[in-house]
2 protein chains.
Amino acid sequence: MVKRYLDLVSLERALAVLGEAFRCRPRTERVPLEEASGRVTAAPIFARLSVPAIHISAMDGIAVRSAETRGASESRPVVLTDAVRVNTGNIVPPAYDAVVMIEDVWIGEGTYTVRKAVAPWQHVRPVGEDIGESEMILPSLHRIRPHELGALAAYGVTDVEALALSAGLIPTGSELVPAGTRPGPGQAVESNTLMAAAHLRALGVEARRYAIVPDEPDLIRAAILEGIRENDILIVSAGSSAGTRDYTASIIAELGEVLVHGVAIKPAKPVIIGKIEGKPVIGLPGYPLAAFTILREIVTPLVARYGFPVPEAGTVEAALTTTLHSDIGTDEFVLLSTGRIGGRWVAVPQSRGAGVQMSAVRANAVMTIPAAKEGVEAGETIRARLMVPRRQAEEAVLITGSHDPCLDRLADLVRPGGVEVHSTHVGSMGGLLTLKKRQCHTAPMHLLAPDGEYNIPFLRKYLPDEEIVLVCVAEREQGLISREGATLDDLPALRYANRQKGSGTRLLLDYLLKERGVDPALIRGYEREFTTHLGVALAVRSGEADCGMGVYSAAQALGLTFTPVATERYELAMHADTLEDPRVRACVDAIGSDAFKQTLLQMGGYRVSETGARRVLP
Amino acid sequence: MVKRYLDLVSLERALAVLGEAFRCRPRTERVPLEEASGRVTAAPIFARLSVPAIHISAMDGIAVRSAETRGASESRPVVLTDAVRVNTGNIVPPAYDAVVMIEDVWIGEGTYTVRKAVAPWQHVRPVGEDIGESEMILPSLHRIRPHELGALAAYGVTDVEALALSAGLIPTGSELVPAGTRPGPGQAVESNTLMAAAHLRALGVEARRYAIVPDEPDLIRAAILEGIRENDILIVSAGSSAGTRDYTASIIAELGEVLVHGVAIKPAKPVIIGKIEGKPVIGLPGYPLAAFTILREIVTPLVARYGFPVPEAGTVEAALTTTLHSDIGTDEFVLLSTGRIGGRWVAVPQSRGAGVQMSAVRANAVMTIPAAKEGVEAGETIRARLMVPRRQAEEAVLITGSHDPCLDRLADLVRPGGVEVHSTHVGSMGGLLTLKKRQCHTAPMHLLAPDGEYNIPFLRKYLPDEEIVLVCVAEREQGLISREGATLDDLPALRYANRQKGSGTRLLLDYLLKERGVDPALIRGYEREFTTHLGVALAVRSGEADCGMGVYSAAQALGLTFTPVATERYELAMHADTLEDPRVRACVDAIGSDAFKQTLLQMGGYRVSETGARRVLP
């Protein structure tokens, strides 16, 4: 019987179910020391040898009876006849109880002239100084660090009992093609098990990917049975919803038990927690970001229950830059770009579309809007769970405003210096307002004022009293992008792909239309907004529109015709004090570099004579 | 020509040499996506597909012309005849520009009754919403995260150009035996290349270990030539000093150039930076902690020069618990156990012996005493570089005082709950004084007062006005450890292995001697101090002493005879407010658990009737 609806439970309840329904006892296996780094100890490890095994010399010198050196000094050396030459690490024979350093001895024919007295056991490393046989070296559930292998080997350990857990990953879906195959219309690349396998391996779990199974109940059933037989945990990708072709839940119910079908979280409601032959079966939703959410919020805690220490990068308290609305009753996870501006952390929400995987690529943190809240206001302090080491998040430069592909090239240029550029595309005006609130390091913009001046009139108006530096990225060509060429005069006859309000390109169009006395209402498609240059170009290439305005590189990338209409000043605006930040300075320096100018010229559509030039306000 | 001295340079200079002498250009290789997680991009990665490739539906519903739904509502539904049923992810055909959700439609015979108007492009995921063909997905020198594989696959990427670097590891030394072989007298297990290989692999470097080479110049020369031919970087373990059998430097000089021989750091002075055929050759010192220091301070920065992002766990400012003296002119690295007590970080230095590998096993951080300083005072704030994620360091419970092997078992018991016990052995009195300064969470002690009472008289004296809780770990038997049995009456006739001043066991001996009216001066070996129970037992087993005092488990571990002489109260003392710390509470709860009592009984030598009992002061 297939259910056509989901009984949502809270995430908290779903996690409790994991604890109640499964014993979560991992297997263990013996791993040779060579392969033990990163593995998790299944039991305490004890020393099999004492180190040192016997008293050894800590210095190059001679082994002596300390009592016989009493009173020895530079001025009153003592001559010994019974001593033994030892090097560092050599055995100190039982007859002796100290070592005199070689610098303090003259060695003659059978005599040793000592110029310094030594105390009993001086310069001797006693047996067991490092560790004694039977002492515990490491507790259980410890992830072995590389340098610990050296200690383990030295203490006579040759292999370790380590946790072992295997997860089977079954991709289902008739529309899926394997990675490496170009998907046809209506097809998609199967990528969720690829991601899941890497995620699990990073936790120390052995992940086994199975072949794609089409949406046919008999094939899915057979694959699940095989996966359960061969693994400790099974993950079935997609088919977890309640649509007509979602068989996963009913097959799990048939072979075992469905414990949870649907969790009140976003993205990722349609998740299944099932049990077959006592083993957990997780049904992953198909949307990649939903799948990623379940891996992070449910699969990772499940793996932790088996004893695997789960690395957590920690949290920071950050000011949210944008108001987010959310549904009561659902825990929503929002991906973030977070960074430090001045002394405080700022968090920029990424696109919340469940289909936008780039959100997760760009994000370095994630926040939760709890089920009890309707949303979070801009400026509120939220807790950002880091997805990268804190140190790396501290290297983030937040660039918010108008986007240009050359910013990605800039990011690439500064990366070797450890600077991580996070650019968020909100248009020039959006960037200006973010900069005003000091919620980004710098705002890229190309805002054309009615007097023909770029950027400065807007900064004077919106940030009137602040000291602002403008760094010119490039003088950039904007043009009409079309399949076979178009000019401004053609516009009324064509279907146009416009940009969103607040974008510099939209402002430029309006300026040009006004200059020509053309009423925007006459432009077909004026109300259809795209948010990027490339979005406009894609609309043109697909035939949905005949032309739109954008940068040369967007036209070129898609093999379209570019007809220049204007050259604009594309600048990074920032508060003057921000330039003291070494990461921001690294970006500004990179903009002025020959390498960046070369890149711009190669990309085409830019003039570089002003690149790196600064203007200061007021 | 072999040099018999080292010309020390500063660490800073040594690192500068790496930059000046080597181009550090990594190789690159194509890696299939399945193996790309954790690899470092050698070049930016661009999208090969737009996602979505065409406009697709974001909902289950019908594709419509939005204009035709104008005005539709519950009370005034609009009937359409031209629409198409679509599921989430289906193509929205070019004729349509919006999707009405299935909940808002009644589907009849060729008619669609719509109860809600939709705006143009509503519920449509436009072409390129996620990414456009040609857009940059990842910059170069980015370590690929597991979830990014999903995005890469979806965007048509099938393999990535990744950095590749191989390091050869050559262990040298006639005294070495491979891990897994029990070393004979004067032999040692070769563990440095094992550690180095794991360290390098964790950074993303391919590490190749070669067989142990005895101290013979011709064999070392041949091994180095082979290693240089087959790798980008070569690391030669040991033979890097200036002793009579230290050939590494002269052979490097013969085959290439020695750039640095000796760096003013401790531990690890005798390090070599050489160059053969343009490739870096690092000579590691033989002491494991010295080798670890060079891996961390020189090899890791070298790898970073090739573009590999080096994860850094960050730093904390911590109060040092103990005064450390250090040589002017040498940067000394000191391993630390660091943890949070109340609101502040505290750092406990580990043993500084270069032969004590357990220091690195126990440590979660490291500090530098810079060359210009003679040392650091107790209480001074130092910068601790974490060797574990910050989050993990925050879980540390610092237990400082008397040691007992059962504390290791306790550590093992609380580990599954994420608590990391760091115990430091400074004896009962040392722990008491550390607790007084609030530089540990809790101090284990067994201090016998002249009136026969344990611990309380000392706490009343040293922490008179503070609210202290004592948690009984066990009533523990102390006894004489000997090869064939010994009683207190035998002591004057035997060679004794004593414990250090301030230890509870030393106090117990003094108490018992006084009780019997025996003058300590009559005890042979009274002045020879061991710092652990096991150290005493090892001295007895080796024949160096005839008996000593210690706990049952130490005698048992080494197969010695144990003759009980006293039962003492071994307790954890802590400030009452520390009990509010959940990690400390977890330890206290674990002590009271049946599992812990069972462990004590299995170990032997403990009575558990008082285990978990609390006493409160004042």
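Which residue in β7(A) is the bridge partner of A:G61?

A: The partner of A:G61 is A:M101, in β7(A). Keep in mind that this is a predicted model.

Start with the two strands. β4(A) and β7(A) run antiparallel, and four bridges join them. They belong to an open sheet of three strands. The order is β6-β4-β7 (chain A), and the pairing is antiparallel. β6 (84-86) and β7 (98-101) of chain A are the edge strands. Each has a single partner strand, so one side of each has no neighbour in the sheet. From one strand to the next, the twist averages 40°.

Now step off the sheet. A:E68 sits in the loop between β4 (61-64) and β5 (78-80) of chain A. Is A:E68 buried or exposed? It counts as buried, because it has 20 C-beta neighbours inside 10 Å. The cut-off for buried is 20 or more. How far is A:E68 from A:L433? In sequence they are 365 residues apart. In space, C-alpha to C-alpha, they are 83 Å apart.

Chain A is divided into domain 1 (11-26 + 165-305), domain 2 (27-51 + 130-164), domain 3 (56-125), domain 4 (315-394) and domain 5 (427-617). Check the ranges: domain 3 spans 56-125 and domain 5 spans 427-617. For domain 2 of chain A and domain 5 of chain A, the C-alpha centres lie 59 Å apart.

Next, look at the backbone. A:C24 has phi near 55°, a positive value in a residue other than glycine. Its place is the loop between α1 (11-21) and β1 (27-32) of chain A. A:C24 counts as partly exposed, because it has 17 C-beta neighbours inside 10 Å. Turn to chain B. B:C24 is not a glycine, yet its phi is positive, at about 55°. B:C24 lies in the loop between α1 (11-21) and β1 (27-32) of chain B. B:C24 is partly exposed, with 17 other C-beta atoms within 10 Å.

Chain B also has cis peptide bonds to find. One joins B:V51 and B:P52, with omega about -10°. B:P52 is in the loop between β2 (45-46) and β3 (56-57) of chain B. Another runs from B:L617 to B:P618, with omega near -5°. B:P618 comes in the segment after β38 (614-617) of chain B.

Finish inside. In soluble globular proteins, nonpolar side chains tend to be buried together. The largest nonpolar core here has 364 residues. Within it, A:A347, A:L410, B:A347 and B:L410 touch the most other members. Leaving out residues up to four places away in sequence, B:L410 touches B:V421, B:C587, B:A590, B:I591 and B:F596.

Conventions: Residues numbered from 1 in each chain as written. Chains lettered and ligands numbered in written order. Predicted model: local features only at pLDDT ≥ 70, side-chain atom pairs only at ≥ 80, totals over all residues. Core = buried A, V, L, I, M, F, W, Y, C linked by C-beta atoms within 7 Å. Buried ≥ 20, exposed ≤ 12 C-beta atoms within 10 Å, placed from the backbone. Contact = placed C-beta atoms within 7 Å. Domains from an automatic or database assignment. Pairing = 2+ DSSP bridges. Axes fitted to C-alpha atoms, helices over the stretch in contact; angles between N-to-C directions.
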